[in-house]
Amino acid sequence: MALYLLYESASGYGLFHAHGLDEIGQNTEAVRNSVKDLNRFGKVVKLVAFNPFESALDALNQCNAVSEGQMTDELRNFLELTLPKVKDSKKAKFSLGLAEPKLGSHIFEETKIPCQSNEFVLELLRGVRLHFEKFIENLKAGDLEKAQLGLGHSYSRAKVKFNVNRVDNMVIQAIFLLDTLDKDVNTFSMRVREWYSWHFPELVKIINDNYLYAKLAKFIEDKSQLSEDSLPALTEIVGDEDKAKEIIEAAKASMGHDLSPIDLINVKQFAQRVMDLSEYRKKLYDYLVAKMHDIAPNLAALIGEVVGARLISHAGSLTNLAKCPSSTLQILGAEKALFRALKTKGNTPKYGLIFHSSFIGRASAKNKGRMARYLANKCSIASRLDCFLDNNTTSFGEKLREQVEERLDFYDKGVAPRKNIDVMKAAIENFQSKDESMDVDTAPSPASTKKSKKKKSKAVEDGEPMEEGKLDHTNGDASEEPKKKKRKERKAEEEQNNTGAENAHVLNGTDAEDGKAKKKKKKSKDEGEEVQPATEGKKKKKKSKAENED
């Protein structure tokens with residue numbers, strides 16, 4: 001069976017015919033040794049046809065299609081023109097060797113050309129790649145390298161194209177840096193406390209906050225110079241006059257020993273560094289919150305910005321998190337405990353990173369596992385919405401949070417939660433109402449029923465189809481109140497006519513009854529109901545009443 005080789009180069013498609021393979025053997029080791037020698041390899045592999053790409057953009061499109069395992073129209077035409085034709089009833093007497101198995105399966109599905117991709121074919125294609133410049137006659141020495149470099153750059157650039165406002169990599173780096181800063185600030189704050197405690201040990205018991213302690217250490221410096229004059233400044237820093245007075249009193253009776261001016265300068269500079277780090281940590285947290293609202297607004301609304309960012313960071317990206325099932329998301333971050341439990345045949349962990357959510361902490365001990373499973377389910381939905389929705393919205397995240405709150409009440413108090421379908425319908429309606437690009441049909445008020453009827457008639461005259469939502473509004477509750485008023489007016493008129501008929505004679509009574517029957521007929525026509533038999537029965541009853549009166 002003849003073997004053809006398809007080679008996708010940066011400058012075009014090349015089709016080669018491999019014949020006389022018995023000379024080099026059918027094993028990969030023999031092919032690997034013979035590939036290096038061009039004289040020997042050139043006798044076995046011959047160029048059949050070469051189809052150059054039209055432009056750099058065409059080369060990029062062809063490269064993208066090959067990487068995705070798709071056959072383009074250009075490649076199909078090239079193969080059908082150059083390869084021997086295969087009849088439907090007969091089996092092909094050749095096969096096409098490829099480097100990409102996915103592309104081979106797609107070619108076979110579309111054209112019925114048998115394809116193969118194995119180590120033997122890959123070694124032959126490696127030889128083609130090595131000596132490709134020698135097979136093409138008009139190809140200059142540096143042309144292929146330039147084409148490869150340009151195509152490589154454009155292919156890489158196209159692969160990393162993204163929306164600048166939805167870069168989850170920034171969130172991953174920010175949460176890593178935030179965790180590192182937390183550790184560093186705590187470590188440095190403890191170092192400031194230990195260092196300055198040699199001079200003013202009583203301050204540690206009065207001030208617990210690390211940032212405030214560093215600020216006071218920078219302000220006080222030498223405790224012996226602290227007096228009543230510095231009380232306003234101390235009150236402004238601490239925020240409490242009583243604490244400021246306590247600090248002044250403690251400084252007067254302090255047991256710490258004195259420090260040299262150089263030592264105090266070093267303590268002051270280090271305290272300033274700790275303050276700068278704490279302030280930068282606050283700014284970084286604000287940046288993380290803003291980025292999470294851009295990238296994953298629903299996840300942030302459901303579980304919080306920090307926990308959501310940790311989930312994205314641990315999964316690798318928002319797309320990877322969206323691909324995770326809820327059972328994986330539930331134990332994300334507890335992999336060691338999971339594999340240890342599987343190894344020792346113990347109890348598997350119930351939660352991972354989502355344990356830091358406030359919902360798990362609020363649940364009772366027996367319901368923590370159930371709450372973690374439910375919360376992971378909602379987080380999975382929120383991450384998929386954030387990943388695949390075009391427009392950013394928090395509507396779904398807020399509704400999902402409400403569901404988790406209701407589930408928490410159900411576990412604690414037994415209050416039945418709403419159905420999921422009802423909550424999602426409400427979320428979709430809220431999303432559509434907030435979306436500016438969508439045209440929202442507003443329902444007409446009860447007073448404007450005449451206008452709605454005019455709009456209906458205009459729409460019918462113009463031949464425009466009525467929307468279902470509009471029909472529901474005009475035929476719904478909005479138009480029921482005017483109908484009820486009309487019916488009440490008609491009943492009042494009929495009662496007046498009846499009283500007139502009772503006071504008058506037979507002829508006047510019968511005339512009034514005929515008038516009433518006509519009115520009833522008109523009413524039945526307006527409502528589209530057939531009430532003829534009923535009116536005849538009423539006429540007979542009224543006639544009998546009139547005869548009795550006479």
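**Exercise 1. Work out how the span of helix α9 compares with the expected span, and which of its residues are buried.**

Solution. Helix α9 covers residues 168-197, which gives 30 residues, where helices (H or I, at least four residues) and strands (E, at least two) are DSSP runs numbered from the N terminus. From its first C-alpha to its last, α9 reaches 43 Å, close to the 44 Å expected at 1.5 Å a residue; the expected span is 1.5 Å times one less than the number of residues. This is a predicted model, in which local features need pLDDT of at least 70 and side-chain atom pairs count only at pLDDT 80 or more, while totals for chains, interfaces and linings use all residues. Residues are numbered from 1 along each chain as its sequence is written, and side-chain values use heavy atoms, with hydrogens and water left out.

The next step is burial, with buried meaning under 20% relative accessible area, exposed over 50% and partly exposed in between (1.4 Å probe, protein chains only). The buried residues of α9 are D168, V171, I172, A174, I175, L178, L181, V185, S189, V192, R193 and Y196. As background, residues three or four places apart point the same way because an α-helix has 3.6 residues a turn.

**Exercise 2. Describe how α14 packs with α9 and with α11.**

Solution. Two packed helices are described by the angle between their axes and the distance between the axes. Axes here are lines fitted to C-alpha atoms, for helices over the stretch in contact, and angles run from 0 to 180 degrees between N-to-C directions. The axes of α9 and α14 come within 9 Å and cross at roughly 155°, which means that α9 is roughly antiparallel to α14 (under 35 degrees counts as roughly parallel, over 145 as roughly antiparallel, 65 to 115 as roughly perpendicular and the rest as oblique). α9 passes α14 in a left-handed crossing, that is, the near helix is turned anticlockwise from the far one by less than a right angle, clockwise being right-handed.

For the second pair, α11 and α14 pack at an angle of about 145°, with their axes 8 Å apart, and α11 also passes α14 in a left-handed crossing. On the α11 side the contact is made by Y211, A214, K215 and K218, and on the α14 side by K268, A271, Q272, V274, M275, S278, E279 and K282.

**Exercise 3. Locate E221 and K345, and state the phi and the exposure of each.**

Solution. E221 is found in the loop between α11 and α12 (231-238), and has a positive phi of about 55° although it is not a glycine. Because its relative accessibility is 29%, E221 counts as partly exposed. K345, which is not a glycine either, has a positive phi of about 60° and is found in the loop between α19 and α20. At 78% relative accessibility, K345 counts as exposed.

Methods. Contact = heavy atoms within 4.5 Å.
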